Amino acid sequence: FVRAADGTIYLSEYGEYERIYKYTADGQYIDRMGQHGDQPMEFSRPQSMAVDEQGLLWVADSCNHRIQVIDWTGDKPRLVNVLGEQGQRIGQLQFPYGMTLLSENRLLVSEYGNHRVQCWTRQGKAISSWGSVGKELGQLNQPWAVALDSKERVYVVDSGNNRIQRFLL
């Protein structure tokens with residue numbers, strides 16, 4: 001789940017149902033959206049979510065190999081942008097399991113399938129990536145999640161290597 005600045009709670013579910021629920025700050029159900037599929041605002045394993053300063057909901061739609069950006073600040077959700085497509089090149093994604101929003105209009109995405117982390121602009125332009133499959137420092141094996149601390153140091157859950165690695169931007 002993720003909490004917006006106004007307290008709104010978003011909770012994703014995958015498996016039998018592929019959808020996102022919206023709750024008030026005190027946990028009262030408001031609405032839900034989505035179903036299994038690959039069309040806009042449909043999902044296949046909505047793994048990670050974030051909410052930006054404008055209240056936009058960012059969803060790592062993992063098995064669709066994309067990030068969906070949704071405006072759900074009103075009554076009905078509306079698709080704003082889709083980042084990525086399946087592949088191995090910069091700007092393409094392979095099972096984006098984790099993501100986090102950075103200051104300076106950037107987004108970090110950990111890719112389970114490509115064994116790397118990509119940095120994007122929030123408008124959808126891939127800027128850079130790091131990591132390659134392996135066990136050495138700086139290499140990754142099936143990175144599951146990515147997070148930041150207060151100094152914007154990047155932590156990557158390197159699941160295939162049973163460790164967490166820290167990177168400086």
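Are Tyr-10 and Trp-72 buried or exposed? Both residues are buried, where buried stands for under 20% relative accessible area, exposed for over 50% and partly exposed for values in between, with a 1.4 Å probe and protein chains only. The model shown in these views is predicted, and local features need pLDDT of at least 70, side-chain atom pairs count only at pLDDT 80 or more, and totals for chains, interfaces and linings use all residues. Residues are numbered from 1 along each chain as its sequence is written, and side-chain values use heavy atoms, with hydrogens and water left out.

**View 1. Tyr-10 and Trp-72 form one of the aromatic pairs of the structure.** The structure holds eight aromatic pairs, a pair being two rings of Phe, Tyr or Trp (its six-membered ring) with centres within 6.5 Å, and planes under 30 degrees apart counting as stacked, over 60 as edge-to-face and the rest as tilted. The rings of Tyr-10 and Trp-72 have their centres 5.7 Å apart and their planes at 35 degrees, so this pair is tilted. Because Tyr-10 lies in strand E2 (residues 9–13) and Trp-72 in the loop between E7 and E8, the pair ties together parts that are 62 residues apart in sequence. Strands (E, at least two residues) and helices (H or I, at least four) are DSSP runs, numbered from the N terminus.

**View 2. Tyr-97 and Trp-144 make an edge-to-face aromatic pair.** The two rings are 4.6 Å apart centre to centre, with 75 degrees between the planes. Tyr-97 lies in strand E9 and Trp-144 in strand E13, so this pair ties together parts that are 47 residues apart in sequence. Tyr-97 is buried, with a relative accessible area of 7%, whereas Trp-144 is partly exposed, with a value of 32%. Phe-95, Tyr-97, Tyr-112 and Trp-144 form one aromatic cluster.

**View 3. The surroundings of Tyr-97 include residues from several parts of the sequence.** Leaving aside residues up to four places away in sequence, Tyr-97 touches Arg-45, Gln-47, Ser-48, Ala-60, Ser-62, Ser-110, Tyr-112, Pro-143 and Trp-144, a contact being heavy atoms within 4.5 Å. With Arg-45 there is also a polar contact between the two side chains, at 3.4 Å; such a contact is a pair of N or O atoms within 3.5 Å, of which, within protein, one must be able to donate a hydrogen and the other to accept it, and residues adjacent in sequence count only if both atoms are side-chain atoms. Tyr-97 and Leu-107 are ten residues apart in sequence and 13 Å apart in space, C-alpha to C-alpha.

**View 4. Strand E10 (residues 106–111) is largely enclosed by the rest of the structure.** Six of the six residues of E10 are buried, and both faces are covered, with Arg-106, Leu-108 and Ser-110 on one side and Leu-107, Val-109 and Glu-111 on the other. Strand E9 (residues 96–102) runs antiparallel to E10 and is joined to E10 by six bridges, two strands being paired if DSSP finds at least two bridges between them. Within this pairing, Met-99 has Val-109 as its bridge partner. E10 also pairs with strand E11 (residues 116–121) in the antiparallel sense over six bridges, and there Leu-107 stands opposite Trp-120. The hairpin of E9 and E10 has three residues between the strands, and Glu-104 takes a positive phi near 60 degrees; the hairpin of E10 and E11 has four, and His-115 takes a positive phi near 55 degrees.

**View 5. Strands E5, E6, E7 and E8 form an open sheet with antiparallel pairing.** The order of the four strands is E5-E6-E7-E8, and the edge strands, E5 (46–51) and E8 (78–83), each pair on one side only. Neighbouring strands of this sheet are turned by 25 degrees against each other on average, direction ignored, with axes being lines fitted to C-alpha atoms (for helices over the stretch in contact) and angles running from 0 to 180 degrees between N-to-C directions. Five bridges join E6 (residues 57–61) to the antiparallel strand E7 (residues 66–71), and Trp-58 stands opposite Val-69 in E7.
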